[in-house]
Amino acid sequence: MTASLSPTAAADRLRPRRSCLAVPGSNPRFLEKAQGLAADQVFLDLEDACAPLAKPEARHTVVKFLNEGDWTGKTRVVRVNDWTTEWTYRDVVTVVEGAGQNLDCVMLPKVQDAQQITALDLLLTQIEKTMGFEVGRIGIEAQIENAKGLVNVEEIAAASPRTETIVFGPADFMASINMRTLVVGEQPPGYGADAYHYILMKILMAARTYDLQAIDGPYLQIRNVDGFREVAGRAAALGFDGKWVLHPGQVEAANEVFSPSQEDYDHAELILDAYEYCTSEAGGKKGSAMLGDEMIDEASRKMALVISGKGRAAGL
Ligand code: GLV
Ligand code: MG
């Protein structure tokens with residue numbers, strides 16, 4: 001049996017994740033600095049940002065920084081290695097036994113099918129029971145980074161009540177499908193349209209079907225903040241909840257791009273007020289109304305709720 005939904009799971013799936021900061025688990029200087037950045041989430045990486053020979057020591061560095069660092073206001077995540085390596089179980093056991101009470105989620109990269117999520121869920125449950133932690137509290141973030149993962153993304157999204165997000169990993173994904181470019185996050189030359197649209201939409205549909213968040217992966221040209229904004233803006237426009245950031249310069253941009261503008265927020269609040277009035281006794285119990293030149297109805301209310309919820313979470 002996989003873990004059942006913890007009492008806080010629904011709220012955990014709504015944690016702000018506009019900016020998800022990647023920090024190598026093997027680099028104490030970066031782990032120190034990350035604590036002072038305004039990212040919604042930080043993930044301490046034991047996977048590709050850690051060289052193979054550095055991984056065993058990095059596990060202990062990650063435990064120490066989770067337990068002793070000040071991560072106030074941030075969702076704390078550790079990315080372990082994927083199940084095809086020899087490292088995954090030791091990553092999970094060392095980090096969760098050592099710092100499970102100071103950890104919100106485990107990110108599993110290169111997920112290919114539902115069984116890989118189930119395996120992580122079962123291992124987490126055993127560790128939680130052994131350590132006397134609340135069973136089911138630690139969430140899972142599932143990274144989709146190859147064709148098989150994308151084909152199976154719906155069963156992956158449904159596999160465990162622990163899962164909070166589906167994350168797109170463009171670098172590995174581009175490599176896995178032989179996309180002809182080396183510039184991660186940018187469009188491949190020669191295609192002339194958005195090469196990521198299908199992938200992002202498929203991930204988004206699976207995430208929304210199971211009430212999960214959808215997170216876009218990294219943009220590696222870290223000095224090109226305008227390029228970052230453009231790519232992030234596309235994912236935000238589709239409905240993604242956030243994006244990875246690799247550099248302090250990307251943090252503020254991500255927080256901005258994935259928050260509604262003040263204008264949209266104010267507009268959404270007006271729609272909500274106008275709809276509430278028109279459906280009330282005093283407003284004539286109507287199902288629709290005019291707000292300026294715009295007709296609003298129940299569907300407009302739902303759209304406005306999304307913007308208003310994100311705006312409130314962003315402190316607008
Ligand atoms: C992230 O892990 C990526 O492969 O893009
Ligand atoms: Mg990757």
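Reader: Why is β2 said to be largely enclosed by the rest of the structure?

Author: In this predicted model, a residue counts as buried when 20 or more other C-beta atoms lie within 10 Å of its own. Five of the five residues of β2 pass that test, so the strand is largely enclosed by the rest of the structure.

Reader: In what sense do β2 and β3 pair, and over how many bridges?

Author: They pair in the parallel sense over five bridges, and one residue to look for is V42, whose bridge partner in β3 is R76. Strand β1, residues 19–24, also pairs with β2 in the parallel sense over five bridges, and here P24 has D45 as its bridge partner.

Reader: What do the strands form when they are followed in order?

Author: Eight strands close into a barrel, running in order from β1 through β2, β3, β4, β5, β6 and β7 to β8, with parallel pairing. Neighbouring strands of this sheet are turned by 25 degrees against each other on average, if direction is ignored. Further along, β6 (residues 163–168) and β7 (residues 213–216) run parallel and are joined by three bridges, and T165 has Q213 in β7 as its bridge partner.

Reader: Which strands does helix α9 touch?

Author: Helix α9, residues 197–209, packs on the sheet and touches β5, β6 and β7, and its direction makes about 175 degrees with that of β6. Helix α5, residues 114–131, lies across β4, β5 and β6, and runs at about 150 degrees to β4.

Reader: Which residues surround ligand 1?

Author: The ligand is surrounded by P109, E145, G169, P170, A171, D172, G217 and P218.

Reader: What pLDDT does the protein average?

Author: The average is 94, and 99% of the residues score at least 70, while the model as a whole scores ipTM 0.99 and pTM 0.93.

Notes. Residues are numbered from 1 along each chain as its sequence is written. Chains are lettered from A and ligands numbered from 1 in the order in which they are written. This is a predicted model: local features need pLDDT of at least 70, side-chain atom pairs count only at pLDDT 80 or more; totals for chains, interfaces and linings use all residues. Two strands pair if DSSP finds at least two bridges between them. Helices (H or I, at least four residues) and strands (E, at least two) are DSSP runs, numbered from the N terminus. Axes are lines fitted to C-alpha atoms, for helices over the stretch in contact, and angles run from 0 to 180 degrees between N-to-C directions. Two residues are in contact if their C-beta atoms, placed from the backbone, lie within 7 Å. A residue is near a molecule or strand if its C-beta atom, placed from the backbone, lies within 6 Å of it. pLDDT is the predictor's confidence in each residue, from 0 to 100. A residue is buried if 20 or more other C-beta atoms lie within 10 Å of its own, exposed if 12 or fewer, and partly exposed in between; C-beta atoms are placed from the backbone.
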